[in-house]
Amino acid sequence: RKIRMPLVTKRLRDPDVNPCLSESDASTRCMDENNYDREMCTTCFLKYKNCRKFWNAIMMERRRNGVKPPMPTAAEREKILGAMGKMPY
């Protein structure tokens, strides 16, 4: 029997929908490894927060300019980050 993932969860696990999947996973892993001591994971949380802020700004810009889809695909994001030369978050 196959366990079905709720649609919302499935979308959040989709790299084309969620640009901060690896940062989110790193935060979760950090919490698991540090017995849910939030202070031990501050760096991971900040990285995730900055990632969300960065891609949200790009999404808002694309919406303003009428670009579809508003969130760049995983491949497009790879190019955007590559063009920057370093991680902006």
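The structure is a predicted model, in which local features need pLDDT of at least 70 and side-chain atom pairs count only at pLDDT 80 or more, while totals for chains, interfaces and linings use all residues. Residues are numbered from 1 along each chain as its sequence is written, and side-chain values use heavy atoms, with hydrogens and water left out.

The protein chain contains four helices and zero strands, where helices (H or I, at least four residues) and strands (E, at least two) are DSSP runs numbered from the N terminus. Read from the N terminus on, the order of elements is α-α-α-α. The C-alpha trace spans about 45 × 40 × 20 Å along its principal axes. Of the 89 residues, 22% count as buried; here buried means under 20% relative accessible area, exposed means over 50%, and partly exposed lies in between, with a 1.4 Å probe and protein chains only. Contacts, meaning heavy atoms within 4.5 Å, also reach along the chain: among those between residues at least 6 apart in sequence, 47% join residues at least 24 apart. With a relative accessible area of 35%, Asp37 is partly exposed. The C-alpha atoms of Asp37 and Met84 are separated by 34 Å, and the two residues are 47 apart along the chain.

The cysteines come next. Two disulfides are present in the structure, a disulfide being a pair of cysteine sulfur atoms within 2.5 Å. One of them joins Cys20 and Cys51, whose sulfur atoms lie 2.0 Å apart. The torsion about this S-S bond is about -95°, so the Cys20 and Cys51 disulfide is left-handed. This pair links distant parts of the chain, with Cys20 in the loop between α1 and α2 and Cys51 in helix α3, 31 residues apart. Cys20 is buried, with a relative accessible area of 0%, and Cys51 is buried with a relative accessible area of 0%.

Cys30 and Cys41 form a disulfide too, with their sulfur atoms 2.2 Å apart. Its S-S torsion is about -95°, so the Cys30 and Cys41 disulfide is left-handed. Here the link runs from Cys30 in helix α2 to Cys41 in the loop between α2 and α3, 11 residues apart. Both of these cysteines, Cys30 and Cys41, are buried. When the bonded cysteines are numbered in sequence order, the pairing reads 1-4, 2-3. Cys44 takes part in no disulfide, and the nearest cysteine sulfur, that of Cys30, is 4.3 Å away.

The interior can now be described. In soluble globular proteins, nonpolar side chains tend to be buried together. The largest nonpolar core has nine residues in all: Cys20, Cys51, Phe54, Trp55, Ile58, Met59, Met71, Leu81 and Tyr89. Such a core is a set of buried Ala, Val, Leu, Ile, Met, Phe, Trp, Tyr and Cys residues joined through side-chain atoms within 4.5 Å. Helix α3 gives the most to this core, with five residues. Leaving aside residues up to four places away in sequence, Ile58 touches Pro72 and Ile80.

Finally, there are the pockets. Rolling a probe the size of a water molecule over the atoms shows where empty space is left. On a 1 Å grid over the protein atoms alone, a pocket is an open set of points where a 1.4 Å probe fits, with protein on both sides within 12 Å along at least five of seven lines, and lining residues have an atom within 4 Å of a point. A volume is the space filled by probe spheres set on the points, which are joined across faces, edges and corners.

The largest pocket has a volume of about 180 Å³. Its lining includes Arg11, Asp16, Tyr48, Arg52 and Met59. The elements that give two or more residues to this lining are α1 (7-12) and α3 (42-64), and the largest share, three residues, comes from α3. By class, the lining divides into seven nonpolar, one polar and three charged residues; Ala, Val, Leu, Ile, Met, Phe, Trp, Tyr, Cys and Pro count as nonpolar, Asp, Glu, Lys and Arg as charged, and the others, Gly among them, as polar.

The second largest pocket has a volume of about 150 Å³. Of the 13 residues that line it, Pro19, Arg77, Glu78, Leu81 and Tyr89 are the closest to its centre. Helix α4 gives the most to the lining of the second largest pocket, with four residues.
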